[in-house]
Amino acid sequence: MSTDAVGHAYPRLEGREKVTGTARYAVEYPVDGITYGWAVPSAVVRGRITRVDTSEALASPGVLAVLHHGNAPRLAPGPEPEPELWLLQDPAVHYRGQYVAVVVATSLEAAREGARLVRIDYDAAPHSTVLTDDHPGLYQPDHVNPSYPTDTAEGDFDAGYAAAPVRVDATYRTPAYHNNPMEPHATTAQWRDGRLLVHDSNQGASSVRATLAELFEVSPESVRVVTEHVGGGFGSKGYAKAAVVLTALAARHVDRPVKLALTRQQIFGPIGYRTPTIQRVRLASDADGRLTAICHDAISQTSTIREFAEQTAVYTRSMYAAPHRRTTHRLVRLDVPTPFWMRAPGECPGAYALESAMDELAIAVGIDPVELRIRNDTEVDPDQGRPFTSRNLVACLREGARRFGWTDRDPTPRARRDGRWLIGTGVAGSSYPARARPSSARATARPDGSFLVQINATDIGTGARTAIWQVAADALGVPPERVEIQIGDTILPTAPVAGGSMGTASWSWAVIRAGQALRDKLRDTPGGVPTDEVSAEVDTADEVGGQPELPRYAYGAQFAEVRVDADTGEVRLNRMLGVFAAGRVVNPTTARSQLIGGMTMGLSMALHEEGLLDERYGDWVNHDLATYHITGCADVESIEAYWLDERDDELNPAGVKGVGEIGIVGAAAAIANAVHHATGVRVRDLPIRLDKLVGLSALA
């Protein structure tokens, strides 16, 4: 029996709770005897703490304790777990904003005032905080995130490039970007009889539990992490971060429950961000636009305490074919916080550079940029040398061009004008890996005819809970209304992180197998309804681990139309349209929301977002939502997302690829290409602000 819940639009299961405010987030759970924590950030970039004076803070009404390296509970010595989580353990300062103390008080106001009164002296040292392409500290890391080879080479790029009749050589720069989820990093922690309970805002409770157990030297069974509702993450909450460690430390020290939520200013840096990049892309083709040589050299930064190497050039390895190819990554350790995941790490900045360079190549050859991409399509992965399980890039380009009205485009820059506005259109391709990781799930049949499906998945606002519910109903062969879903708690079967566009693929695999196993158990039960509860639990480790390593990707085509004020250089987006091939879509409502969200973040990347670092102080000066500009509703005049009906039998039992990240990939390039088409000005360092346009060319 199949109910066909998958593929139908359903509202989110938790929608009513969220809009009525009854959905509880990390610091909203009522706890008896609660106290409040407030983090104290370092005021220097690099150096050592020489003195901590807590007397004035401790004399402030309501303050219970001030934790710092001299009195905080001891954590398991590093380097494992992550050294950046070895907090309040030594006097070393590695970057400005590093958490160097925590104040605990009986009220939030008292904790904040106490933090203001903590006096810390430092022995400051010289620092280096600016990424440059000639930094003396540049080096070649052993690998890039998560485990890709640092460099790759096929053929002879230098010879192939030199011999080509058409060549493009351009350098593209992207600034630091900050994740900024609506719910900041926040935790409620309490110790009872040596056991730790935390309600935490993260993207994967299982890994957070493992990290806390190791740091505090207790068994994993002694730690419970609850993440029932999470207000966004965009990658920054992928693993345990500072807030959960600081809160657990504080709760152990005062022997009372503690709530701690980082402020908006405090999450700009210490919880991760997208690294700035410097990318040189060289493309060579024949006179018909067929690529003969591709080289993508990427430079990014990491901190002095942990290496994180953004996989920026990996996108180029599999996107377009050429006989001569080379990609490289170089890294420099700076006195800055450690970069981390942000929606489509690597692919997002990498696609901006490559897809912009493809637009420049199309102009150099004199062919349409959609046609250029079609001519360089390939059924075999250039990196692995194996056929893709499915590759519908060309279908996305053609369908997108049809829906967008691309055929009537005049390729000449500055050819269209509407009063003072110059009009331009641009296109970019996009791709993102389709991954899955082992997961566990439990399905239970109840005597009343209902079913319970349990899995420690995390819904960070994507609609994952609802998608799992739909998959479970089909796996059990019952109407969705008879299925209850429980997620977001480490007492449930273990599941991987909500990230890398692999959540639904991984979780649904286990849910489907658990449903099948339960149906087998109930096969001889009259009416399929047991007299007592019957459960089946599965772990997909052997099945997922035995899956052949084939090139599996989602694809898309991004189209944008912009208008640019000829007098001021102001850029506005008229419309944006994307068409994607992402396997089977579980829920059209939530899938469309995810794609549009990604595209909107791409717009924000292209026109608005930029972390502005003050080299003197080693910190971002625009570290709040008043000065760090992100795209708002008024900036999105028209945005549409569509997808193809794609079936791929080499993916997973649900046939899904994931839609959380493909929407942002290529979006910024499509807008940048449209700006060039409108103005004739090529801006290669994001964001595209009006001063860059006015400064480079007289638009009027």
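This is a predicted model: local features need pLDDT of at least 70, side-chain atom pairs count only at pLDDT 80 or more; totals for chains, interfaces and linings use all residues.

Visitor: What is the order of the strands in the open sheet of five strands?

Guide: Strands of a sheet pair through backbone hydrogen bonds, either parallel or antiparallel. Here the order is E9-E17-E16-E15-E10, with mixed pairing. Helices (H or I, at least four residues) and strands (E, at least two) are DSSP runs, numbered from the N terminus; two strands pair if DSSP finds at least two bridges between them. Strands E9 (152-154) and E10 (166-174) each have a single partner strand, so one side of each lacks a neighbour in the sheet. From one strand to the next, the twist averages 10°.

Visitor: How many bridges join E16 to E17?

Guide: Strand E16 (residues 291-302) runs parallel to strand E17 (residues 324-333), and 10 bridges join them. Aspartate 297 has threonine 328 in E17 as its bridge partner.

Visitor: Which strands does helix H8 lie across?

Guide: Helix H8 (residues 347-365) lies across E10, strand E15 (277-285) and E16, and runs at about 150° to E10. Angles run from 0 to 180 degrees between N-to-C directions, and axes are lines fitted to C-alpha atoms, for helices over the stretch in contact. Contact means heavy atoms within 4.5 Å.

Visitor: Which strands stand at the edges of the open sheet of four strands?

Guide: The order of that sheet is E22-E21-E20-E23, again with mixed pairing. Strands E22 (483-486) and E23 (534-539) stand at its edges. Strand E21 (residues 451-454) pairs with E22 in the parallel sense over four bridges, and glutamine 454 stands opposite glutamine 486 in E22. Helix H11 packs on this sheet, touching E21 and E22, and its direction makes about 135° with that of E22. Helix H12 touches strand E20 (440-445), E21 and E23, its direction making about 140° with that of E23.

Visitor: At what angle do the axes of H11 and H12 cross?

Guide: Two packed helices are described by the angle between their axes and the distance between the axes. The axes of H11 (residues 464-476) and H12 (residues 503-521) come within 8 Å and cross at roughly 30°. H11 is therefore roughly parallel to H12, a term for angles under 35 degrees.

Definitions and conventions
Residues are numbered from 1 along each chain as its sequence is written. Side-chain values use heavy atoms; hydrogens and water are left out. Angles under 35 degrees count as roughly parallel, over 145 as roughly antiparallel, 65 to 115 as roughly perpendicular and the rest as oblique.
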